[in-house]
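Let's take a walk through a protein model together. Have the sequence and the 3D view open side by side, and look up each residue as we come to it.

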Amino acid sequence: TGNTTKVKYSVQDGYTITIPSEFSLETSADVTKEISASNVFIANGKELHVKISGKNCADNKWYIVDENASTNKFEYTIKNDENADVVNNAVILKVPAGTTAGVKESFKFKLAGTVTKAGTYSDLLTFTASVENPTV
């Protein structure tokens with residue numbers, strides 16, 4: 001009679017998302033920043049999705065807000081590599097299972113007009129990663 005031996009190997013789910021910690025907008029020039037995912041180990045048939053949302057986003061417009069006067073705000077834009085507008089809660093990065101080498105996308109941030117009032121302006125962007133079924 002024969003005996004059997006089970007051979008096993010396990011890989012833990014995991015990934016690394018790299019985002020800029022902080023940056024400043026320029027008066028009239030694009031500021032280009034990269035978002036990347038690497039070491040992506042997720043289940044077969046799944047995708048890693050990274051979404052962006054803004055604290056001061058309203059009606060899919062991005063705003064920097066004066067830290068001392070919340071009614072004082074100015075619009076800015078975010079565009080992807082294809083020069084398309086990025087909207088609030090959009091999936092900005094998709095990485096299919098089996099992509100461990102890393103994927104990156106560049107985004108251009110730009111003031112939509114001229115800031116006419118002194119102040120310190122900011123927005124807080126949140127990047128949320130999730131493992132999902134593939135989407136088109």
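**Salt bridges, strands and a core**

Start with Lys79 and Asp85: they form a salt bridge, and their closest N and O atoms are 2.7 Å apart. A salt bridge here means a side-chain nitrogen of Lys or Arg within 4 Å of a carboxyl oxygen of Asp or Glu. Lys79 is partly exposed, with a relative accessible area of 24%, while Asp85 is exposed at 52%. Those words have cut-offs: buried is under 20% relative accessible area, exposed is over 50%, and partly exposed is in between, using a 1.4 Å probe and protein chains only.

Before going on, a word about the model: it is predicted, so local features need pLDDT of at least 70 and side-chain atom pairs count only at pLDDT 80 or more, while totals for chains, interfaces and linings use all residues. Residues are numbered from 1 along each chain as its sequence is written, and side-chain values use heavy atoms, with hydrogens and water left out.

How many salt bridges does a search of the whole structure find? It finds 2. Besides Lys79 with Asp85, there is Glu34 with Lys104, where the closest N and O atoms are 3.7 Å apart. Glu34 lies in strand 2 and Lys104 in strand 7, so this pair ties together parts that are 70 residues apart in sequence. (Strands are DSSP runs of E with at least two residues, and helices are runs of H or I with at least four; both are numbered from the N terminus.) Glu34 counts as partly exposed at 40% relative accessibility, and Lys104 is exposed at 54%.

Now for the sheet. Strands of a sheet pair through backbone hydrogen bonds, either parallel or antiparallel. Two strands count as paired if DSSP finds at least two bridges between them. In this model, an open sheet of 6 strands runs in the order 1-2-7-5-4-8, with antiparallel pairing. Which strands sit at the edges? They are strand 1 and strand 8 (121–122), each of which pairs on one side only.

You can follow the pairing across the sheet. Strand 1 and strand 2 are antiparallel over 4 bridges, and Thr18 stands opposite Ser36 in strand 2. Strand 2 and strand 7 also pair in the antiparallel sense, over 7 bridges. Here Ser36 has Lys104 as its bridge partner in strand 7, and Lys33 stands opposite Phe107 in strand 7. Then come strand 5 and strand 7, antiparallel over 4 bridges.

Next, look inside. In soluble globular proteins, nonpolar side chains tend to be buried together. A nonpolar core is a set of buried Ala, Val, Leu, Ile, Met, Phe, Trp, Tyr and Cys residues joined through side-chain atoms within 4.5 Å. The largest one here has 22 residues, and those with the most contacts inside it are Trp62, Tyr76, Ile78, Val86, Ile92 and Phe107. The elements giving two or more residues to this core are strand 2 (31–41), strand 3 (47–54), strand 4 (62–66), strand 5 (69–79), strand 6 (90–96) and strand 7 (103–111). Strand 6 gives the largest share, 4 residues.

A contact means heavy atoms within 4.5 Å. Leaving aside neighbours within four places in sequence, Tyr76 has contacts that include Leu25, Trp62, Ile64, Phe109 and Leu125.

Tyr9, Val11 and Phe41 make a nonpolar surface patch of about 370 Å². Patch members have over 30% relative accessible area and no salt bridge; nonpolar side chains (Val, Leu, Ile, Met, Phe, Trp, Tyr) are joined within 5 Å, and like charges within 9 Å. Tyr9 belongs to the segment before strand 1 (14–18) and counts as exposed, at 74% relative accessibility.

Finally, check two backbone angles. Most residues other than glycine have a negative phi. Asn39, in strand 2, has a positive phi of about 50° although it is not a glycine. Asn39 counts as partly exposed at 42%. Asp59, in the loop between strand 3 and strand 4, also has a positive phi, near 50°, and is exposed at 77% relative accessibility.

Methods
Areas by Shrake-Rupley, 256 points an atom, 1.4 Å probe, with all protein chains shown as cover.
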